Amino acid sequence: MNEAPEASGVRWERDDDGIVHVVFDRPGEKVNLLTPEILVALEGWLELWRREEAVRGLLFRSDKPGMFLAGVDVEAIAAVREAHQAAEAARFGQRVLGRIADFPWPSACAIRGVCLGGGTELALACTWRLAADDPSVQIGLPEVQLGIIPGFGGTQRLPRLVGLGPSLELVLAGRAVDARRALRIGLVDALVPEAYLVREARRWLLGQAPARRRAKHVAARLVETVPPLRRYVLAQARKRTAARVRELEYPAPFRALEALEAALTRPLPEGLDIEARIVGELVASTTSKNLIWLFKTQTARKRTAGTFAAPPRDVRRAAVLGAGIMGSGIAYLLADRGIPVRLRDVRPEALLEAARTAAGLWRRRVEQRRIGAREARQRLGYLSLTLDWSGLRHVDLVIEAVVEDLQVKRDVLAEVERRTSERAVFASNTSSIPITEIAARALHPERVVGLHFFNPVPRMPLVEIVAGERTSPEALATVHALAVRLGKTPVVVRDRPGFLVNRILMPYLNEALLLVGEGVSIEAVDRAMTGFGMPVGPLALLDQVGLDTALHVARVLAAAFPVQAASASPLLEKMVADGRLGVKSGRGFYRYDGQRRRGPDESVYPAAGAGPRREIPPEMLQERMILAIVNEAARCLEEGVVGEPQDVDVALVLGTGFPPFRGGILRWADATGVPVITDRLVRLAEALGERFAPAPLLREMVREQRRFYEGEPAPAPSLLHGGGVSPWPR
Ligand code: NAD
């Protein structure tokens, strides 16, 4: 007996006991969202139910497996540009959820699977929250990751329910908790086997709820009631946040602290008002616009369906060849996602080490209570080791991560073709050999594809998918879908030397090396780039990657691109010859104690043949290194290494840590102005050499007055150096 208004993605029905079931289910989609339309409908319905005699309670649930509510539609947030509009939208959401909280009858959420953002705020407004006792449950408030804070009362109701400590954990990092943790901190009231979830919630609503709630921990109550203690805890949280991010770049967690403090010190309506005002300011901020844009762009890259001309092959079993740094990480990830994997190496000690490392990673997660001991054992059971070629007959996919040598890779491919079914896909993790070369003598070159993971595999969120000349759409779709299943964001790239990330990174790293050769100090070079927002400076990054690995990539690129060959700094070669390989050898640009970085290694300067020390202002250092990236990115677009500027931006943020608050290098370029950048490149080319000669694409864009992102609202310039019109000295 539904009555108007209606909204897509939600319906309601009243059962015989007077319980209104509000059921979220977006037709044809994997996720449920709390859209503005749904909120409007809910408000109307609440008014209706309030007046209806027969209603006894409200039960919110979902018909989608593994999904309650993934939050507010980011499109709706992205569309808002003015602070007052955003604050109004927040107030509206607060009002609707407030009506649930004040409803004359009790309300409950039956949470299964994902419950994030607005979904969690809806749950917080209910009388009770019951969750499925299932590993798929994830409850959280990830708003700060989008540069905003929860705006539908989340910052106010959460601390009232669970106390300050757990609220800081949830809101400031934006990390979700699983069902067990949610129960432990009091975010949910009960865990119920999924099959009984709705039945149990109904029982509670019909008067069978436990009489007493779990009392808050004594420490939590003290923190809330003793002002100096509260101030101390908040100050500590602020300090921890400041150690992680800078307020000017990422204001959201700092503002979240203000909102949480208000929750403990002000009445609810005042707290809600503060929350809405903060949301307004943040939604309109450049940082949030950039983070939301990146989120959308990244999500779009995870869609396999419709991206390729063929559907993916389901990977039920896989094999990984080579149990080195990369292969062992890839095998761990596959087993972790429940895919049985056969790991082969020619060295028994490599296999043992791989198994030991994987077991250690799972053990740590058991200790952190992220997974159960049984799950850990099960995942370890998915990993099987072999020195020979057994166990490959039925795999759907083979990932090759043997040594970087064309002949070895071809031999391995020939063996695989002999030993697997005709349809198995062969993916190479090569970082520099063209896929087309590897597949040149294959019986089935169409099944050969590149799947380039980054080191360390479990942590790095990006993979490059490389299409060889003859790679089939099925092979591409298969590794794409697998990458997404492994939690990665795939970017499809053309089979060109260095693919995308390494190709763009090298001119940047090279510029850093040249600067050291010119007498600029190691710290000054690195500090300039961390000042720009990079997580580590280029020289520290070289130390982490390994100077020998970097040299290998540099050589591959120099062989392919005359500009890179002509401008390559000799320093890399010298340092490798000198045994300075970076972290792994205890010395590179810095000195190391194990993994710990000590000071810069002064002996690098004479080795670099550097003249007298030179001081160059950080803006000029940034300019040289950043413009090297922009120029190479433009060349990549020109050559069709990737299809769209979005690919470049997502890949650099996820693959190199390019500062997300800037939205990506090309978005930054648009904000700075392509003509400004091109002009600076021309001047740098005059002063420093051909490597800075602007890519033809840039010149063309200037002529035609185009931006990288035509059709999108122009991004506002970033607040910091390198923003707006160039502050660079001329
Ligand atoms: P690694 O030297 O650590 O491991 C290679 C492993 O392959 C060794 O254990 C070796 O015993 C084994 N192996 C050699 N021949 C084999 C064969 N025929 N069958 C099975 N195993 C064999 O190397 P890595 O750093 O893990 O690199 C592996 C691949 O991944 C290379 O192609 C490399 O370019 C690529 N890659 C490396 C990185 C990185 O940062 N290390 C990043 C991306 C891609």
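## Ligand shell, salt bridges and backbone details

Biologist: Let's start with Arg 410: buried or exposed?
Modeller: Arg 410 counts as buried, because its relative accessibility is 14%, under the 20% limit used for that class. Please keep in mind that this is a predicted model.

Biologist: OK, and which residue forms a salt bridge with Arg 410?
Modeller: The partner is Glu 437, and the closest N and O atoms of the two residues are 3.9 Å apart. That separation falls inside the 4 Å cut-off, so the pair counts as a salt bridge. Glu 437 sits in helix H18 (residues 435–438) and Arg 410 in helix H17, so the bridge ties together parts that are 27 residues apart in sequence.

Biologist: Glu 437, how accessible is that one?
Modeller: With a relative accessible area of 38%, Glu 437 is partly exposed, whereas Arg 410 is buried at 14%.

Biologist: How many salt bridges in the whole model?
Modeller: The count comes to 62 salt bridges.

Biologist: What about Arg 580, which residue does it pair with?
Modeller: Arg 580 forms a salt bridge with Asp 601, and the closest N and O atoms lie 3.1 Å apart. The two belong to distant parts of the chain, since Arg 580 is in the loop between helix H25 (571–577) and strand S19 (590–593), while Asp 601 is in the loop between strand S20 (596–600) and helix H26 (604–608), and the pair is 21 residues apart. Arg 580 counts as buried because its relative accessible area is 4%, and Asp 601 is buried too, with 7%.

Biologist: And Arg 598, what's the story there?
Modeller: Arg 598 is bridged to Asp 593, again with the closest N and O atoms 3.1 Å apart. Here the accessibilities are 38% for Arg 598, which counts as partly exposed, and 47% for Asp 593, which is partly exposed as well.

Biologist: Which residues are linked in a network of salt bridges?
Modeller: Asp 336, Arg 337, Arg 365, Glu 375 and Arg 379 are joined in such a network.

Biologist: Switching to the ligand, how many residues surround it, and which are closest?
Modeller: The ligand is surrounded by 21 residues, with Met 326, Arg 344, Asp 345, Glu 404 and Lys 409 as the closest. By class, that shell is made up of 9 nonpolar, 7 polar and 5 charged residues.

Biologist: What polar side-chain atoms lie by the ligand's oxygens?
Modeller: A polar side-chain atom of Glu 404 is 2.4 Å from a ligand oxygen. Arg 347 places a polar side-chain atom 2.9 Å from an oxygen atom of the ligand, and for Asn 429 a side-chain N or O atom is likewise 2.9 Å from a ligand oxygen. The ligand taken alone exposes 840 Å², and the protein buries 82% of that area.

Biologist: What about Gln 705, what's its phi?
Modeller: Gln 705 has a positive phi of about 50° without being a glycine. The residue is in the segment after helix H31 (696–703), and at 72% relative accessibility Gln 705 counts as exposed.

Terms used
Residues are numbered from 1 along each chain as its sequence is written. This is a predicted model: local features need pLDDT of at least 70, side-chain atom pairs count only at pLDDT 80 or more; totals for chains, interfaces and linings use all residues. Side-chain values use heavy atoms; hydrogens and water are left out. A residue is near a molecule or strand if one of its heavy atoms lies within 4 Å of it. A polar contact is a pair of N or O atoms within 3.5 Å; within protein, one must be able to donate a hydrogen and the other to accept it, and residues adjacent in sequence count only if both atoms are side-chain atoms. Accessible areas come from the Shrake-Rupley method with a 1.4 Å probe; for residues, only the protein chains shown count as cover. Ala, Val, Leu, Ile, Met, Phe, Trp, Tyr, Cys and Pro count as nonpolar, Asp, Glu, Lys and Arg as charged, and the others, Gly among them, as polar. Helices (H or I, at least four residues) and strands (E, at least two) are DSSP runs, numbered from the N terminus. Buried means under 20% relative accessible area, exposed over 50%, partly exposed in between (1.4 Å probe, protein chains only). A salt bridge is a side-chain nitrogen of Lys or Arg within 4 Å of a carboxyl oxygen of Asp or Glu.
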